[in-house]
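Please look over the structure below. A short report on its fold and on some of its residues follows.

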Amino acid sequence: MTARKTQRATGSRPRPRRAGRRLRRLVTPLLLCAGLCLGTAGTAGTAQAVDSTVVTSTQSGGRTVSFTFDDGPDPTHTPNLLAVLRKHNVKATFCLWGDRVRQYPHLVRQIAADGHRLCNHTMSHQDLGGWSQWQVRQNLEQTDNVIRQAAPGARITYFRAPYGSWGQSPQVAASMGMQPLGWRMDIGDWQPPGTAELVRRITQGVTPGAVVLMHDGGGDRSQTVAAVDQTIPQLKSQGYTFDQPAVR
Ligand SMILES: [Zn+2]
């Protein structure tokens with residue numbers, strides 16, 4: 001009531017001045033929002049925009065390594081991998097398919113609850129190479145949404161393009177607050193060559209600060225899980241510690 005009376009009382013001022021003030025009152029917040037709100041439009045509350053560089057190294061550098069796992073969650077191999085990582089007290093990064101997140105939301109909750117980092121890997125492992133920014137954004141937002149539905153409050157720190165076919169996706173992902181995440185070393189577990197061979201590749205091929213690409217989904221990943229179990233103690237004995245991929 002008081003506010004209304006005050007408004008009416010000030011309403012007796014000369015028209016031109018009142019119109020000018022009203023206009024300023026309307027325009028100022030609009031201009032402010034145009035500057036501040038555009039950068040986060042459509043990101044449903046994700047963090048601020050990051051650099052669109054595709055990172056391939058760890059946050060800290062030095063004698064550190066980042067394990068990243070693509071194409072899950074998988075109902076068999078992801079729980080086994082989580083148990084191995086828990087046993088060795090190692091945190092990793094999981095690049096998730098939206099479709100599989102929908103199928104196995106409890107696994108995404110478990111990944112997040114265990115303190116691992118989440119990475120958007122598109123809804124259905126699409127090749128984004130020729131897509132427009134608008135098309136990429138639709139897919140990435142849908143994927144983020146299903147991940148958030150599965151694990152409310154979880155932060156989606158990274159985005160990785162399927163097949164390494166980046167197209168325009170780094171700019172879109174960065175504008176949504178996700179760091180484009182590449183890799184320095186691919187262990188080639190897509191066609192499993194045997195656990196011993198995977199262990200050899202990792203222990204002999206890893207370099208300080210490397211982001212390592214592996215898979216916990218998309219096929220029989222039991223060799224990968226066994227290799228991770230054997231490799232972690234070896235890397236630790238070589239002085240390696242486990243770090244997250246860089247965020248810029
Ligand atoms: Zn993939």
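Asp 71 lies in strand S1; helices (H or I, at least four residues) and strands (E, at least two) are DSSP runs, numbered from the N terminus. This is a predicted model, in which local features need pLDDT of at least 70 and side-chain atom pairs count only at pLDDT 80 or more, while totals for chains, interfaces and linings use all residues. Residues are numbered from 1 along each chain as its sequence is written.

Asp 71 has 22 other C-beta atoms within 10 Å and is therefore buried. The cut-offs are 20 or more other C-beta atoms within 10 Å of a residue's own for buried, 12 or fewer for exposed, and partly exposed in between, with C-beta atoms placed from the backbone. Phi of Asp 71 is near 75°, a positive value in a residue other than glycine. His 125, in the loop between S3 and H6, also has a positive phi, near 60°. Most residues other than glycine have a negative phi, and most peptide bonds are trans. The bond from Gly 72 to Pro 73 is cis, with omega near 5°, and Pro 73 sits in the loop between strand S1 (64-72) and H3.

| Residue | C-beta atoms within 10 Å | State |
|---|---|---|
| Asp 71 | 22 other C-beta atoms | buried |
| His 125 | 17 other C-beta atoms | partly exposed |
| Trp 190 | 16 other C-beta atoms | partly exposed |
| Val 212 | 24 C-beta neighbours | buried |

Trp 190 belongs to the loop between strand S6 (185-186) and helix H8 (195-205). Its C-alpha atom is 8.5 Å from that of Arg 221, 31 residues apart along the chain.

Val 212 is part of strand S7 (residues 210-215). Beyond neighbours within four places in sequence, Val 212 is in contact with residues including Val 65, Phe 67, Trp 183 and Ile 202; contact means that the C-beta atoms, placed from the backbone, lie within 7 Å.

Across the protein chain there are nine helices and eight strands. Of its 248 residues, 38% count as buried. Among contacts between residues at least 6 apart in sequence, 81% join residues at least 24 apart.

The largest nonpolar core has 52 residues, and those touching the most other members are Phe 94, Leu 96, Val 108, Leu 118, Cys 119, Ile 147 and Val 212. Such a core is a set of buried Ala, Val, Leu, Ile, Met, Phe, Trp, Tyr and Cys residues joined through C-beta atoms within 7 Å. Not counting residues up to four places away in sequence, Val 108 touches Pro 73, Leu 96, Val 101, Ile 147, Ala 150 and Ala 151.

Ile 147 is also one of the buried residues of H6, among them Val 136, Leu 140 and Ala 150. These buried residues pack against elements including strand S2 (93-96), helix H5 (105-113) and strand S4 (156-159).

Helix H3 (residues 77-88) and helix H9 (residues 222-237) pack at about 5°, with axes 9 Å apart. H3 is therefore roughly parallel to H9, a term for angles under 35 degrees. Axes are lines fitted to C-alpha atoms, for helices over the stretch in contact, and angles run from 0 to 180 degrees between N-to-C directions. Residues making the contact include Leu 81 and Val 84 of H3 and Val 225 and Ile 232 of H9.

Conventions:
Contact = placed C-beta atoms within 7 Å. Parallel < 35°, antiparallel > 145°, perpendicular 65-115°, else oblique.
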